[in-house]
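Visitor: I have a structure open and a few quick things to ask. Can we go through it piece by piece?
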Amino acid sequence: MAHQPADKKFFENLSGAGKAIGVLTSGGDAQGMNAAVRAVVRMGIYVEAKVYFVYEGYQGMVDGGDNIVEVSWESVSSILQVGGTVIGSARCKEFRTREGRLKAAYNLIQRGITNLCVIGGDGSLTGANLFREEWSGLLEELAQSGMIEEEAVKKYVYLNIVGMVGSIDNDFCGTDMTIGTDSALHRIIEVVDAIMTTAQSHQRTFVLEVMGRHCGYLALVSALACGADWVFIPEYPPEEGWEDQMCVKLSENRARKKRLNIIIVAEGAIDSHNKPITSEKVKDLVVQQLGFDTRVTILGHVQRGGTPSAFDRILASRMGVEAVLALLEATPDTPACVVSLSGNQAVRLPLMECVQMTQEVQKAMDETKFCEAVRLRGRSFENNLNTYKLLSHRRPDAELPKDDLSCSTNFNVAVLNVGAPAAGMNAAVRSAVRVGITEGHNMFAVIDGFEGFARGQIKEISWGDVGGWTGQGGSLLGTKRTLPAKYLEKIADQMRTNNINALMVIGGFEAYLGLLELSAACEKYDEFCVPMVMVPATVSNNVPGSDFSIGADTALNTITDTCDRIKQSASGTKRRVFIIETMGGYCGYLANMGGLAAGADAAYIFEEKFDIRELQANVEHLTEKMKTSIQRGLVLRNENSNENYTTDFIYQLYSEEGKGVFDCRKNVLGHMQQGGAPSPFDRNFGTKISAKAIQWISKKLRETYRKGKVFANTEDSVCLLGMRRRNLLFQPVVELKDQADFVHRIPKEQWWLKLRPLMKILAKYKTSYDVSDSGQLEHVARHSPKEAETGAI
């Protein structure tokens with residue numbers, strides 16, 4: 001596929017161009033499926049293909065008639081924020097028979113559909129692959145029975161299949177996240193956060209049962225995100241004697257004045273002999289052995305419900321567009337593929353390779369090869385499990401590693417927050433403290449950033465001090481934007497006084513600038529010649545060297561939720577356009593991705609210059625839109641997108657130009673984007689990235705300890721840990737200087753700008769689409785155990 005911006009001519013040259021596309025959802029429903037359907041329909045129409053809804057999954061395909069309907073642009077309006085699937089899903093026994101598939105083939109041929117986009121789980125996708133393999137035989141049979149002409153057999157000679165995995169369980173191998181998983185985690189964490197308050201009031205133990213008959217992803221990640229005391233998952237059963245171990249741990253936590261215990265059980269949890277571990281069994285055990293007041297909560301289908309999260313909407317929209325591109329490019333020799341996510345990158349994988357590996361996981365569990373099952377689940381799953389094990393149980397002091405070089409003392413590691421508060425900072429601090437203690441270090445907390453550092457606001461922080469921090473918003477350590485340059489001597493004194501051997505800084509662009517200043521001061525102050533690492537945390541997501549920052553996902557969800565409510569208001573009043581101002585400084589990440597997640601008509605950002613002609617074109621576009629059945633508009637503007645075209649100016653321009661056609665309202669979201677409880681993604685990302693950062697510090701401390709002193713003065717001893725495409729990478733802060741625009745405090749290159757055209761296409765603008773970042777067909781990677789350490793979040 002040519003790596004170039006694609007216009008209509010590009011698509012016309014592809015093998016599938018101009019043909020009909022059918023889209024169906026099958027199997028269990030998942031939040032975000034509608035966003036995927038919307039993207040397939042609108043991208044299909046954009047490339048001038050006919051697009052058909054297949055209602056009620058394979059059942060609708062078999063039944064035909066009104067179940068297969070050509071759709072228009074307006075058909076998918078207002079479904080982006082709706083949970084479940086508006087085109088329905090059903091189990092279909094008939095499709096499992098050849099006779100059923102014969103009927104389905106006939107119904108598709110009647111409408112000329114030879115491109116099929118299937119959104120479902122592994123069973124649905126396996127059925128689609130079988131249908132594709134039998135296609136030519138089914139057509140021959142239909143021709144022989146006189147149901148179709150021989151000409152049709154030649155014309156519709158092969159069927160293209162592209163799958164998207166919609167499953168809240170995240171149980172499909174080959175993809176880091178399936179559509180619906182993040183939203184299900186939102187539902188679980190909402191419940192856990194609510195339960196925690198009542199559990200603390202009454203000193204209760206809560207046993208939470210979450211979905212996951214064959215996959216423990218939801219249980220594992222929600223345990224990480226809420227700091228659960230114990231978790232049961234099918235891939236990693238507890239060791240023999242777990243009953244006593246769990247009760248000892250629960251009673252120890254109570255003895256440390258912890259007022260609540262949370263135990264999370266996946267519905268498919270088993271012991272090492274493949275016997276079920278149920279939530280009731282766990283409750284009875286706690287009551288009988290400890291006498292604790294214990295309650296069971298079974299979340300059930302609550303996890304499937306509600307509106308999709310911002311992450312799921314963006315994921316589903318990206319995958320939907322990618323699916324249409326994959327269908328257009330498919331040839332008879334291309335295997336049926338699944339479009340999925342690896343790290344932050346869209347990939348295409350052979351469907352049956354993914355299905356085979358998914359089945360291998362179950363086989364490994366049936367044969368009690370649990371380590372193999374965890375490995376087959378992939379790097380992301382294994383990383384989650386390893387991090388949970390690190391954080392959940394404090395080892396006795398006798399088992400903690402003593403530094404073999406210093407013998408008499410352990411290292412002192414300080415943690416501080418710098419810049420504006422971001423949801424997830426506290427999860428990152430908790431993780432750093434607990435992993436540091438597990439690694440044998442003494443952990444110190446610095447209050448109020450570099451300013452507090454200079455004043456000596458430093459205290460040792462223990463394992464128990466950070467209990468319950470994962471779900472807390474803001475920054476419990478306090479944070480300031482102040483840079484260290486004017487306090488260098490005082491900070492050096494505090495480093496010396498407290499014998500600080502390493503520094504971990506959690507923050508945004510100020511944190512990056514602060515580390516650059518400390519790095520430059522190494523020549524003057526030996527105290528700064530220690531390992532330093534930065535973990536990006538800012539709602540603006542403007543740190544060079546990382547695709548994601550802690551806090552940005554929570555802010556994005558706040559924006560999306562607000563836009564949903566505003567769109568609902570606009571739908572009621574009709575002919576109304578809302579202009580929303582988002583935060584982000586000069587970085588347009590929140591405005592752009594918020595626009596994609598909320599289905600905005602336009603998003604004005606600093607990175608893409610705009611003038612009065614574009615503003616006028618947007619007004620005209622909205623004027624045309626008001627003539628359709630969709631009589632509302634949503635426009636996002638990044639706060640610093642243009643110094644002259646302010647939010648007020650755009651509001652007044654739209655109000656004047658839209659007179660008699662639509663009226664306008666404006667809304668400045670402000671600091672609500674920085675507040676609130678962190679999303680599951682931010683809790684998880686903050687927890688894992690911090691754990692990795694502390695392990696890097698431990699390694700550097702061992703490498704740089706000589707003659708009773710730590711001395712690290714090389715460029716690679718001051719690093720930023722960031723997510724780049726598929727991996728977490730440590731990058732020297734000095735090397736990142738060339739990648740930063742210091743005047744506007746943004747990276748020079750930003751991955752999400754490639755998604756700009758996607759938002760415009762889905763809003764019905766004529767634009768070219770850059771296909772250079774689209775997925776290429778590759779094979780499913782089988783990683784070695786060591787590879788889990790290198791990256792995926």
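Visitor: Where does glutamine 203 lie?
Guide: Glutamine 203 is in the loop between α7 (181–202) and β7 (205–210). Keep in mind that this is a predicted model.

Visitor: What is its phi?
Guide: Glutamine 203 has a positive phi of about 50°, although it is not a glycine. Most residues other than glycine have a negative phi.

Visitor: Is glutamine 203 buried, exposed or partly exposed?
Guide: Glutamine 203 has a relative accessible area of 36%, so it counts as partly exposed. The cut-offs are under 20% for buried and over 50% for exposed.

Visitor: Which loop holds serine 78?
Guide: Serine 78 sits in the loop between β4 (68–70) and α4 (98–109). Serine 78 is not a glycine, yet its phi is positive, about 65°.

Visitor: And how accessible is serine 78?
Guide: Its relative accessibility is 37%, so serine 78 is partly exposed.

Visitor: Switching to the whole chain. How many helices and strands?
Guide: The protein chain has 24 helices and 28 strands.

Visitor: How does the radius of gyration fit a compact globule?
Guide: The value for the protein chain is 27 Å. A compact globule with 793 residues would be near 28 Å, so the two agree.

Visitor: What does the C-alpha trace span along its principal axes?
Guide: About 90 × 70 × 45 Å.

Visitor: How much of the chain is buried?
Guide: Of the 793 residues, 63% count as buried. The accessible surface comes to about 29600 Å². Carbon and sulfur atoms hold 48% of that surface.

Visitor: Charges next. How far apart are the mean positions of the positive and negative ones?
Guide: They are 3 Å apart, for 88 positive and 95 negative charges.

Visitor: Now the inside. How many residues are in the largest nonpolar core?
Guide: The largest nonpolar core has 188 residues. Those with the most contacts inside it are Met164, Ile264, Leu503, Met504, Phe528 and Tyr589.

Visitor: Which helix gives the most to this core?
Guide: Helix α11 (residues 310–329), with 13 residues.

Visitor: Where is leucine 351?
Guide: Leucine 351 is in helix α12 (residues 351–366). Its relative accessible area is 0%, so leucine 351 is buried.

Visitor: What is leucine 351 in contact with?
Guide: Leu125, Thr126, Asn129, Phe172, Ala336, Cys337 and Val338, leaving aside neighbours within four places in sequence.

Visitor: How far is leucine 351 from alanine 128?
Guide: They are 223 residues apart in sequence. In space, the C-alpha to C-alpha distance is 9.7 Å.

Visitor: Last one, threonine 562. Buried or exposed?
Guide: Threonine 562 is buried, because its relative accessible area is 14%, and the cut-off for buried is under 20%. Threonine 562 belongs to helix α19 (residues 552–573).

Visitor: What does threonine 562 touch?
Guide: Threonine 562 touches Leu669 and Met672, not counting residues up to four places away in sequence.

Terms used. Residues are numbered from 1 along each chain as its sequence is written. This is a predicted model: local features need pLDDT of at least 70, side-chain atom pairs count only at pLDDT 80 or more; totals for chains, interfaces and linings use all residues. Side-chain values use heavy atoms; hydrogens and water are left out. Helices (H or I, at least four residues) and strands (E, at least two) are DSSP runs, numbered from the N terminus. The radius of gyration is taken over C-alpha atoms; the globule rule is 2.2 Å times the number of residues to the power 0.38. Buried means under 20% relative accessible area, exposed over 50%, partly exposed in between (1.4 Å probe, protein chains only). Accessible areas come from the Shrake-Rupley method with a 1.4 Å probe; for residues, only the protein chains shown count as cover. Lys and Arg count as positive and Asp and Glu as negative; His and the chain ends are not counted. The place of a charge is taken as NZ of Lys, CZ of Arg, CG of Asp or CD of Glu. A nonpolar core is a set of buried Ala, Val, Leu, Ile, Met, Phe, Trp, Tyr and Cys residues joined through side-chain atoms within 4.5 Å. Contact means heavy atoms within 4.5 Å.
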